[in-house]
Amino acid sequence: MCACLLPLATSSAQQEDQDAPVFSNRGADTCLRCHDEDSEVPVLDIFKTPHGSTGNQRAAFGRMQCETCHGPGGAHTGRVRRGKERPGIRKFGATGKTPIAEQNGVCSGCHEQAIGVAWHGGAHESNDIACVDCHSVHVQRDPVLNKKTQADTCFACHKEQRAESYKASVHPLRYGKMACTDCHDAHGSDSEFELTRDNTNDTCYTCHAEKRGPFLWEHAPVAEDCSLCHKPHGSNHPALLTKRAPLLCQECHSQEGHPSVPHTPAALTPPGASGFLLGNSCTNCHTQVHGSNHPSGSGLTR
Amino acid sequence: MNRKHPRERQRAAGTAQAALVACALFGVITTGADTDTSEWACSQCPLAAGWDSQFDFGLGYVSDDAYKFGDYRGLDDEGAYLIGSGDFRYWGDNGQYWEIVANDLGLDSRELQLAGGREGLYRLRVSYDELPRRRFDSALSPFTREAGTLSLPAGWVSAGASSLLPGLDAALRPVGIEHDRKTWGLGLDFTPPGRLHYALELRHEDRDGTGIRSGSFISQFAQLFEPIDYRSDELDASVTWVAPNGQLKLGYYGSWFANSNTTLRWQNPFTPLLPGVDQGRLALPPDNQAHQLSLSGSYRWAGHTRFSGSLTGGRLSQNDTLTGYTITPGLGDQTLPFQSLDAEVDTTRLHLRIINRPRKRLRLTLDYNYDERDNTTPVAFFDTVQSDLFVQTDPRRNLPYSFERQKWRLHGSYRLRDGARLSAGFDHKRIDRDLQEVARTEEDALWVKLRLPRTFSLASGASVKFFFSERDGSSYRAPEELGTFQNPLLRKFNLADRDRTQAELNWPLSPHERVDLTLNLTTSDDDYTNSALGLLETEWMNILVDGAVRMSDRLSIHGSYSHETYDSRQAGSQSFGMADWLADSEDTIDTSMLGVGWHDLDRDLRLGLDFVYASSESDIALISAGGVASVFPELITRLKSATLFVDYAVRENLRVRGSVWYERFRSDDWMLDDVGVTQLPSALLFGLQSSAYNVTVLGVSFTWQPGG
C-alpha cells in the first residue's frame with residue numbers, strides 16, 4: 001500500500017480527476033512516439049531506475065506508466081485542431097505552469113515515508129523548492145543520491161558553501177568523501193539548520209564520538225555547542241576553528257595571569273618566543289580542550 | 001540491456017492495473033481505476049532486464065609526495081596508482097535487482113557498496129569506505145610510541161632547556177601525523193504490503209593512526225603523539241506506519257565508542273621541576289555510549305491544517321575506571337571519591353509544528369522546540385595534582401553542565417497576486433544553564449523576506465531578507481561553584497547581551513536566454529552591547545557572483561567569484577580591571593572559479609578546462625591602552641588548481657579519457673613556519689611547517705560498458 005498525502009493546495013490534477021480524467025490511448029507507447037532520446041529532455045533512462053520497473057506494483061510503470069506522475073494525458077496526446085495549441089500536461093520543474101505544491105504532491109504520494117515528517121514548514125519547502133530541483137528522475141543515476149556528486153547539486157543554490165569548501169581546513173565535501181546529507185536532512189528536520197540529529201552536537205558526535213563524553217571535567221562551550229568554536233563548512237584556521245588561539249580562548253578567559261595577557265608578535269621569535277603563540281598556543285598545556293576524564297584534569301592539562 | 005517480450009509486458013500491465021485498485025491512491029497521483037489499460041503494452045519501452053555495467057579503469061600518476069594534497073583523497077604518495085571504479089547492475093523478473101558500486105579502488109579512499117533486493121519490497125546493502133587523513137608528514141620527535149606509552153631512547157640525558165638536551169639531535173625521527181577511518185555499513189529496508197516500513201542500519205568504524213597531544217609540567221611541555229585506536233558502532237532502527245493523512249515513526253539510535261588506550265604516558269625529557277617527576281600521564285577519550293528512543297509523526301487534517309512533532313528521550317553514559325591522581329610515586333595517594341565516574345546525561349527533545357492556511361494565499365506556522373541536557377553525573381571534590389608535580393591546595397569540584405533550550409517560532413507567508421511571496425516571522429529563544437555565569441538568556445528575533453516568483457523575468461526567484469535579534473539575560477554572576485577567578489567585567493560571548501543584524505540578497509537573473517547570473521550578498525553583524533571584556537563585535541560579509549554562458553550548443557563557460565570578510569574585536573585586561581588592550585582579527589577569503597566545457601555531439605568528444613583560485617589572509621593586531629598597535633605577520637593561504645580533460649567515445653560502449661590536474665598550495669603561518677624543535681627553551685615541538693605543495697596528476701582511463 002502506498003502512502004499519500006494531499007498537498008496543502010488543491011491541485012489542478014485533482015480537479016481534473018474529479019472531472020473524469022482522460023488518459024492516453026496506449027500509455028507510454030503513446031508518449032514515446034514523441035518523447036524519446038532526441039527530445040529536449042531525454043527520458044528513456046527512467047527505465048534503468050526503480051521508477052521504470054513494471055515488476056514493481058508501487059513503481060510508476062507498474063501503474064499508469066508516464067501518466068502516474070504526469071497526470072492524465074488524454075488531452076495532451078489527442079488530436080489537436082489546426083491552429084490550436086496542444087494542451088499541456090503536468091510538467092516538473094521551476095519554469096513550468098504546474099504549481100510546486102502539486103509537483104511535490106506527486107512525489108510525496110509514494111515517498112512520504114522517505115521524506116519524513118518535517119518537510120512541511122522546513123527550509124526547502126518554505127522556499128518553494130521542488131523535488132525535481134534536487135532530484136533527477138529521468139537519469140539512470142540521480143547525482144544527489146551519490147556522495148561523490150551530491151555536493152554539486154546542493155552548491156547550485158548554496159554557492160557560499162561551495163566557496164567555503166576551498167578553505168584551508170574543511171570537511172571532505174568537495175573530495176566526494178562526505179555528503180551534505182551526512183549532516184543535513186534536505187527533507188527537513190526538527191533541529192536548527194535542518195541537521196540529521198536533534199542538535200549540532202549530536203550531529204557532530206556521529207563522526208566525532210570521542211568528544212561526546214560525558215567527561216569528569218567538562219569544558220562548558222564544548223558541551224553546549226560545537227559551533228561556538230568551530231565553523232563546520234570551512235575555515236582558514238586549523239581544525240575548523242573560528243579564530244586562532246590564544247585570542248579564541250581569551251574571548252572567554254580572563255583570569256589573572258597568563259590568560260589575560262596580550263601576547264604580541266614579540267613572542268614569535270627569540271628571545272621572546274613563547275608557547276602562548278607558537279606550536280599549539282593554549283593547547284600546548286591545556287591539551288584536553290574538549291574535556292578530561294583524569295582526576296587531576298580540572299585545568300584540562302591532564 | 002535486454003527488452004521484454006510483448007506478452008510479458010501485457011501481463012505486467014494487467015497486474016499493475018489490479019494493483020492500482022488495491023493501492024487506493026487518491027489526490028495528485030492519478031489512479032485511472034476506471035481506465036482500460038489492457039493495450040498499454042509498453043512495447044516501445046526499453047525495459048531494463050538482465051545486466052548493465054560500466055567500468056572505469058586506467059592509470060594515474062602523482063608527481064610528488066604531498067600530505068595535504070592527499071588529505072582525504074589518498075593521493076599523498078608520488079607514483080602511479082590504479083584508476084578503478086565501476087558499477088554493475090542486474091535486473092531480474094518481478095523487480096529483483098542487484099548492484100555493485102565501487103570507487104577509487106586503487107587509492108586509500110576506496111569505497112564499495114553492494115545492494116540488492118526487490119523493488120518496492122526490500123533492499124539490503126553492505127558498504128565499505130576508507131577515509132585517509134594526512135595532516136603532517138614529518139613531525140620530528142625523540143619519542144617512540146608503544147600503544148599508550150611514549151619513551152625516550154635508552155640513556156637519555158635530560159636538561160633544563162631544549163637546546164641543551166645532548167641526545168636530542170641524534171634521537172629525532174620523522175613521524176607522520178595521520179589516521180585512517182575504515183567504515184563498514186549494513187542496511188536493510190523492508191516494506192511489506194500494508195502500512196508499515198522497517199529500516200535498520202548498522203555502521204562500524206575503525207579509526208587508527210596518530211594524532212597530536214601535549215604534555216606539560218607547568219612551564220615545560222612537549223608535543224606528543226596521541227595513539228588513535230578508536231572503534232565506533234552505530235545502530236539506527238525504525239518502524240514507520242504510513243496512512244493517507246499522516247505517518248508515525250518509532251525509532252531507536254545507539255552509538256558506542258571504544259578507545260583501546262585509556263591513558264597516554266610519556267617520559268619527561270627535561271630536568272624535572274621537582275625531584276622524581278620524570279613521567280607524565282594524561283587521560284585519553286574514555287569509552288562512552290549514547291542511546292535515543294524517538295517517536296515522531298505528522299497528521300494532516302482535511303484541507304488546511306497540518307501537525308508534525310517528535311519526542312526523543314536519550315542517555316549519554318561513560319563509566320571508565322578512573323586513573324589515579326598522578327603517576328608520580330608517593331604523591332596523590334589520596335583515595336578517589338569513586339573508582340569510576342558513572343557519568344550520565346539524560347536528554348529530552350520535543351518538537352511541535354502546526355501549519356495552517358486560514359486563507360488560500362496565507363500560511364501560518366507555529367514551531368516549538370525543547371532541548372534539555374540534564375547532566376546527572378555524580379559530583380565530588382578531587383584532591384587534584386597539578387601536572388604530576390604537587391597536590392593542589394584546594395580540592396576541585398567537578399561541574400556537570402546542564403541546560404534547557406526552548407525556541408518558539410511564529411511565521412507567516414503570504415503569496416502575492418503575481419506569485420511573489422512575502423514572509424515574516426518572530427522567534428523567541430530561551431536557554432537556562434546550570435553552573436554558568438548567566439542562568440538564563442533570552443533572545444527575540446524578527447525577520448522579513450520577500451521572494452519574487454521564478455517566472456519573473458529580470459529577477460527570477462530573487463529574494464531579500466532582513467533579520468534582527470536582541471539577546472539579554474539574567475544578571476552576569478559567577479555561581480559559587482565556579483569561584484571568582486574571572487574578571488567580573490568579562491562577558492562570555494555565548495552568554496552576553498547581543499544585538500544581531502543580518503541582511504541577505506539573492507538575485508538570479510537571465511539577461512539573455514543563454515546567460516544565467518546570480519548575485520548574492522549576505523551580511524551579519526553582532527554587537528555585544530554590554531560587554532566590556534571579551535568579544536565586543538563581529539562583522540561578516542559575503543559577496544558572490546556566479547554565472548554561466550551557453551556560447552553555443554557545444555560550448556559553455558561557467559564561473560564564480562566570492563569575497564568574504566570576517567572581522568572581530570575583543571577586549572582584555574592584564575591588570576584584572578578595565579580593558580587595557582584590544583585585539584582585531586580580520587579574515588579575508590577570495591575564491592574564483594572558471595570552467596569551460598566543449599561537447600561535440602557528432603564525434604561524442606568532450607573537453608573541459610577548470611580553474612580555481614582560493615586565497616585567504618588573516619590579519620591580527622593587538623592594540624594597547626595607549627593606542628599602539630602590534631601587528632602580526634599575515635596568515636596566508638593560496639590554492640591554485642587547473643584541470644584539463646579530454647573524453648572521447650572510441651566506440652558506442654567504450655570511451656577514453658585523459659586528464660591533467662595541477663594544484664599548487666602555499667601558506668604562511670607564524671605558528672609553524674621556521675619554528676624548530678627547540679625554538680622554545682622549555683618545550684619540545686614537532687617542528688611542523690605549514691603546508692606547501694606543487695602536484696601534477698596525470699590520468700588515462702577507459703570507460704567500458706559491456707553488454708550496453
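User: What makes Asp64(B), Asp65(B), Asp77(B), Glu78(B) and Asp137(B) a patch of negative charge on the surface?

Analyst: Asp and Glu count as negative, and a patch is made of residues with over 30% relative accessible area and no salt bridge, like charges being joined within 9 Å. A salt bridge would be a side-chain nitrogen of Lys or Arg within 4 Å of a carboxyl oxygen of Asp or Glu. These five residues of chain B gather in such a patch. This is a predicted model, in which local features need pLDDT of at least 70 and side-chain atom pairs count only at pLDDT 80 or more. Residues are numbered from 1 along each chain as its sequence is written.

User: Why is Glu78(B) called partly exposed?

Analyst: Buried means under 20% relative accessible area and exposed over 50%, with partly exposed in between (1.4 Å probe, protein chains only). Glu78(B) has 45%, so the residue is partly exposed. Its place is the loop between helix H2 (67–70) and strand S2 (79–91) of chain B; helices (H or I, at least four residues) and strands (E, at least two) are DSSP runs.

User: Why does Ser423(B) count as buried?

Analyst: The relative accessibility of Ser423(B) is 11%, therefore Ser423(B) counts as buried. Ser423(B) is found in strand S23 (residues 421–433) of chain B.

User: How do you know that S14 (residues 288–301) and S15 (residues 305–318) of chain B pair?

Analyst: Strands pair if DSSP finds at least two bridges between them. Here 13 bridges join the two antiparallel strands, S14 and S15 of chain B. Leu295(B) stands opposite Leu311(B) in S15(B).

Technical notes: Chains are lettered from A and ligands numbered from 1 in the order in which they are written. Side-chain values use heavy atoms; hydrogens and water are left out. Patches are made of residues with over 30% relative accessible area and no salt bridge: like charges are joined within 9 Å, nonpolar side chains (Val, Leu, Ile, Met, Phe, Trp, Tyr) within 5 Å. Accessible areas come from the Shrake-Rupley method with a 1.4 Å probe; for residues, only the protein chains shown count as cover. The place of a charge is taken as NZ of Lys, CZ of Arg, CG of Asp or CD of Glu.
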